[in-house]
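Biologist: Before we discuss the assignments, please show me the model. I should like each term to be set against its definition.

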Amino acid sequence: MGGAQAIQHQDVEAWCRTMRFPMHPDEILAILALDHERRAFDAAQRGKQPDDEDDE
């Protein structure tokens with residue numbers, strides 16, 4: 001059982017379109033970076049590396 005799936009660019013784009021909320025590209029990069037850190041932390045708590053999640 002893997003952790004949460006990574007947020008994808010198309011997920012952010014769809015949310016922005018649905019909510020009619022424009023985001024600056026730097027804001028999107030920050031969201032993706034925070035998501036990566038959250039998944040890395042979750043993986044460390046389970047004793048795995050974040051890249052190992054795709055191997056399951």
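Modeller: The protein has two helices and zero strands, where helices (H or I, at least four residues) and strands (E, at least two) are DSSP runs numbered from the N terminus. This is a predicted model, in which local features need pLDDT of at least 70 and side-chain atom pairs count only at pLDDT 80 or more, while totals for chains, interfaces and linings use all residues. Residues are numbered from 1 along each chain as its sequence is written, and side-chain values use heavy atoms, with hydrogens and water left out.

Biologist: What makes D35 count as buried?

Modeller: Buried means under 20% relative accessible area, exposed over 50%, and partly exposed in between (1.4 Å probe, protein chains only). D35 has a relative accessibility of 3%, and is therefore buried. D35 belongs to helix α2, which covers residues 25-45. Of the 56 residues of the protein, 14% are buried.

Biologist: Which residues does D35 touch, not counting those up to four places away in sequence?

Modeller: With that exclusion, D35 touches A6 and I7, a contact being heavy atoms within 4.5 Å. The side chain of D35 reaches the backbone nitrogen of I7 at 2.8 Å. That distance is to be set against the limit for a polar contact (a pair of N or O atoms within 3.5 Å; within protein, one must be able to donate a hydrogen and the other to accept it, and residues adjacent in sequence count only if both atoms are side-chain atoms). The C-alpha atoms of D35 and Q5, 30 residues apart along the chain, are separated by 9.4 Å.

Biologist: How do you know that the span of α2 agrees with its 21 residues?

Modeller: The expected span is 1.5 Å times one less than the number of residues. For the 21 residues of α2 this gives 30 Å, and the end C-alpha atoms are 30 Å apart, so the two agree.

Biologist: Why are the buried residues of α2 said to line one face of the helix?

Modeller: The buried residues in α2 are L32, D35, R39 and A43. Seen down the axis of α2, they fall within an arc of 70°, and therefore line one face; the arc is that of the directions from the helix axis to the C-beta atoms. An α-helix has 3.6 residues a turn, so residues three or four places apart point the same way. The buried residues of α2 pack against α1 (9-19). On the other side of α2, D26, L34, E37, F41 and Q45 are exposed.

Biologist: Why is A33 called partly exposed?

Modeller: A33, also in helix α2, has a relative accessible area of 42%, so the residue falls in the intermediate class and is partly exposed.

Biologist: What makes the rings of W15 and F21 an edge-to-face pair?

Modeller: Rings of Phe, Tyr and Trp (its six-membered ring) pair if their centres lie within 6.5 Å; planes under 30 degrees apart count as stacked, over 60 as edge-to-face and the rest as tilted. By this rule there is one aromatic pair. The ring centres of W15 and F21 are 5.7 Å apart and the planes are at 70°, so the pair is edge-to-face. W15 is partly exposed at 44% relative accessibility, and F21 is partly exposed at 43%.

Biologist: Why does R20 count as exposed?

Modeller: R20 has a relative accessibility of 76%, and therefore counts as exposed. R20 lies in the loop between α1 and α2, and has a positive phi of about 55° although it is not a glycine.
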